[in-house]
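Biologist: Could you walk me through one part of this model, slowly and in plain words?

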Amino acid sequence: NTAVTSKVGAIGFTPTAMSVHPNGTVYAVTSSELITINIDTGVGTSVASLSPAVTIQDLTFDGSRLFGINADSGQSYEISTSTGTVTNKARFTTTWGTYRHGFQHDGNSTFYYMPNWAFNYGQDAGQIVTVNPDSGSESTGNALTGAHSIYAMGIYQGVIYGIDQQQSSQGSMELVSIDFPNTTAKSIGALPNGIRSLAGTK
């Protein structure tokens, strides 16, 4: 497998995170707006202003419910896909400064949360944390091996992928597949610098 990328078109916005609704619609957030993205043209369309405006570094759907995470604080949110209303959910204690965190629902019953613990390069990406935005439950598991800084995660055909910043260069990004039961990541291939979000269909 290789990480082949193709340019589709200009979004017209600066999204910080994205995720795909079960109906196939791609949703994304900017610093102040909820948008949709046309996957054929790349064009973004405003749905609503985020209310209140919050910083979100990763998005994930649990069924039709859209959740986001703030890397600065560990605060999770639920975002209305029709009104842009942002509701505070659980605030997770496992956080690491102002770096990005991967946040992904597995399509069944588990939210995975990957605090970016490895910004000093040369370390593994840290413990895998399972969380629940509704109940606030949080459980730290084994360390993920084979990756260094998981910036964001997305799921495609049942496999969770991550954007990994490599230890060898402070800008070298790779696409990795993540096997959470075995706590390992496998390199797929290099990504262009600047990619910070993933989205796919479960």
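Which residue is the bridge partner of T130 in strand 12?

Modeller: In strand 12, T130 has S139 as its bridge partner. Before we go on, a bit of housekeeping. This is a predicted model, where local features need pLDDT of at least 70, side-chain atom pairs count only at pLDDT 80 or more, and totals for chains, interfaces and linings use all residues. Residues are numbered from 1 along each chain as its sequence is written, and side-chain values use heavy atoms, with hydrogens and water left out.

Now the words: strands (E, at least two residues) are DSSP runs numbered from the N terminus, and two of them pair if DSSP finds at least two bridges between them.

Back to your pair. Strand 11 (residues 127-131) and strand 12 (residues 138-143) run antiparallel, joined by four bridges.

On to strand 10 (residues 111-115), which is antiparallel to strand 11 and joined to it by three bridges. Here Y113 sits opposite V129 of strand 11. Strand 10 also pairs with strand 9, again antiparallel, over five bridges; there, Q104 has Y112 as its bridge partner in strand 10.

Put together, the four strands form an open sheet in the order 9-10-11-12, with antiparallel pairing. Strand 9 (101-105) and strand 12 are at the edges with a single partner strand each, so one side of each has no neighbour in the sheet. From one strand to the next, the twist averages 25 degrees (axes are lines fitted to C-alpha atoms, and angles run from 0 to 180 degrees between N-to-C directions).
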